[in-house]
Amino acid sequence: FATKSLRNKRKEEEKMMRLWIICGFAVVFIFAGMGTSLAYEVKAVSDGAIIKGKVLFKGEPPPPRIFNVENNVDICGETRQLKEVAVKDGKLADTLVYLEDVKSGKPFPGGGNEFTGTDIVARGCAFHPFEMSSFTGVIGRNKSMTFKNKDPIGHNPHTYEIAGRVRLTVLNRVLEGNGEFKSVVKLRKKKSRILKLECDQHNFMHNFFYTIENPYYSITREKGAFLLDQIPPGNYKLVVWHPTLGTKKQTVTIKAKESKTMTFEFSD
């Protein structure tokens, strides 16, 4: 009887194990379906609205950081400046203005329904996101970062996921002179959005990136201006983010064909 009881117990355990496996697969398929349904979708926006405006800075901006160059002085120079807060006539550059929660609307740059990746050119001992001299850029979660080196010297791109006060290495790889490579951005924490880029060979090379899920973003230049167009009517959260000055968030209601002008201000 003891042997029969043990066999029955094992059969029950095997039956429960099969049920757990089936349930596990079901959960995976459900979440996979959710992921597909929540993906950004390109749709024609016939009644699209516009949000435009400027980002300002009040007060005295901090002075640039000065670095004494230790490596490749013949290429990079003896000293370098890093202007983390770039202000001209009260206008703040390098600020991202991003509209969250947009599920469908205009296509991403390039015409597709997803962010294709971030291109970064190393030139003149500086990283240039999308070929632009900018302290601030954008990335996509699980999307590629492509590094192209136009310098004859090597660099060492080192990226960190910023999670509160914690910095988690995402990428640390040698970029040969005149070389290139591609890597996928894999952030470990779901709520992480910020990625810091440095060069382990040249400590004055710094950039920040913000994770986006839709094409409704704009990065300010020296005039502090931003423009978001073809916005579908709805309620959204507008994020205004500067890598060192912080984040401002505001809920906005967008009406059909509306043109909304907004101004944001940071201070010292």
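How do the residues of the lining of the second largest pocket divide into nonpolar, polar and charged?

**View 1. Composition of the lining of the second largest pocket.** The lining comprises eight nonpolar, six polar and three charged residues. Ala, Val, Leu, Ile, Met, Phe, Trp, Tyr, Cys and Pro count as nonpolar, Asp, Glu, Lys and Arg as charged, and the others, Gly among them, as polar. The model is predicted: local features need pLDDT of at least 70, side-chain atom pairs count only at pLDDT 80 or more, and totals for chains, interfaces and linings use all residues. Residues are numbered from 1 along each chain as its sequence is written, and side-chain values use heavy atoms, without hydrogens and water.

View 2. Strands β4 (79–82), β10 (127–129) and β17 (206–212) each contribute at least two lining residues; β4 gives the largest share, three residues. Strands are DSSP runs (E, at least two residues), numbered from the N terminus.

**View 3. The open sheet of five strands.** Its order is β11-β17-β16-β13-β14, with mixed pairing (at least two DSSP bridges between two strands). β11 (136–140) and β14 (166–172) form the edges, each pairing on one side only.

**View 4. Pairing of β13 with β14.** β13 (residues 157–163) and β14 are antiparallel over six bridges. Ala163 has Val166 of β14 as its bridge partner.

Methods:
Helix = DSSP H or I, 4+ residues; strand = E, 2+ residues; numbered from the N terminus.
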